[in-house]
Amino acid sequence: MNIIKLKTIDSTNRYLKELVHSETSLPNFLTVWTPQQTAGVGQYGAKWQTEPYQNLTFSTLFIPKKLLLQHAFLLNMSVVIAVARVVEDVLREHLFTEKPCIKWPNDILINNKKIGGILIENVLQGQQIAKSVIGIGLNVNQIEFEGLPKASSLKNIVKKDLDIEQLMKRIVSNLEKKLRVIEKISFEEIYNVYRKYLFRLEKVSTFRLPEGIHFMGIIKGVTSMGELIVATEEVIKKFSLKQIELLY
């Protein structure tokens with residue numbers, strides 16, 4: 001396992017992206033990890049706040065053999081499932097029956113509170129994904145989240161400190177296991193697993209549109225392009241991430 005550990009860095013994704021652009025022979029699944037990330041980001045530039053030395057912040061490089069851009073959401077699903085399954089295993093090992101959920105498209109929740117998020121940034125060659133920088137943030141041993149009422153951590157559930165480095169290695173190992181065969185699996189195969197974890201599936205939920213309009217609907221699933229399928233009383237519609245927000 002190839003791991004670069006940095007004492008502190010603004011963003012592991014930014015650091016790894018710079019390596020990708022400056023080095024030509026990086027090993028697949030090279031991982032950059034820091035216990036103190038000062039300017040991590042999530043989807044669309046949202047700031048990822050984390051207490052130093054208490055949480056997991058790392059980025060892993062994935063170099064697929066052949067993965068078309070149109071299959072980017074297959075990669076997204078594979079990554080978030082790999083992380084969710086490690087989280088689920090940790091809970092079971094501590095005799096907890098809670099199951100993590102995936103809030104579309106790639107946040108990890110337990111008991112309706114966010115404990116993790118994923119940001120994937122792809123380097124393209126034509127219509128193929130040449131390299132992917134997979135950024136993962138997971139709240140592990142932090143207890144309090146000031147100003148973030150919907151945030152939590154694994155420690156808040158299992159009531160004990162967890163070994164952050166060992167947890168990171170378990171996630172990277174599972175990522176490698178899942179992604180090495182990504183070109184061989186179908187969308188349906190991985191989607192059926194993703195669907196089992198999908199937060200608020202087939203439940204009446206409240207959504208907000210960019211212009212501030214709220215409406216009620218039911219999540220029916222996700223398309224192969226990563227669009228959320230929502231049914232209202234009048235129609236079934238598909239939404240991209242920028243077009244809708246799930247309120248909970």
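Contact here means heavy atoms within 4.5 Å. The structure is a predicted model, in which local features need pLDDT of at least 70 and side-chain atom pairs count only at pLDDT 80 or more, while totals for chains, interfaces and linings use all residues. Residues are numbered from 1 along each chain as its sequence is written, and side-chain values use heavy atoms, leaving out hydrogens and water.

I171 touches L56, F58, V83, V86, I136 and L138, not counting residues up to four places away in sequence. I171 also belongs to the largest nonpolar core, a set of 63 residues. A nonpolar core is a set of buried Ala, Val, Leu, Ile, Met, Phe, Trp, Tyr and Cys residues joined through side-chain atoms within 4.5 Å; buried means under 20% relative accessible area, exposed over 50%, and partly exposed in between (1.4 Å probe, protein chains only). L56, L138, L154, L167, I171, L179 and Y194 touch the most other members of this core. Its largest share, 14 residues, comes from α2. Helices (H or I, at least four residues) and strands (E, at least two) are DSSP runs, numbered from the N terminus. Because domain 1 (3-197) and domain 2 (203-247) both give residues to the core, it lies between them; these bounds come from an automatic or database domain assignment. A second, separate core of 10 residues includes I9, V32, L61 and V133.

Aromatic rings come next. The structure holds six aromatic pairs. Rings of Phe, Tyr and Trp (its six-membered ring) pair if their centres lie within 6.5 Å; planes under 30 degrees apart count as stacked, over 60 as edge-to-face and the rest as tilted. F73 and Y194 form an edge-to-face pair, at 5.6 Å centre to centre with 80 degrees between the planes. F73 lies in helix α2 (residues 72-93) and Y194 in helix α5 (residues 187-197), so this pair ties together parts that are 121 residues apart in sequence. Both F73 and Y194 are buried. F207 and F215, by contrast, are stacked, at 5.4 Å centre to centre with 25 degrees between the planes.

Most residues other than glycine have a negative phi, and most peptide bonds are trans. A cis peptide bond joins W104 and P105, with omega about 0 degrees. L95, in the loop between α2 and β6, has a positive phi near 65 degrees and counts as exposed because its relative accessibility is 78%.
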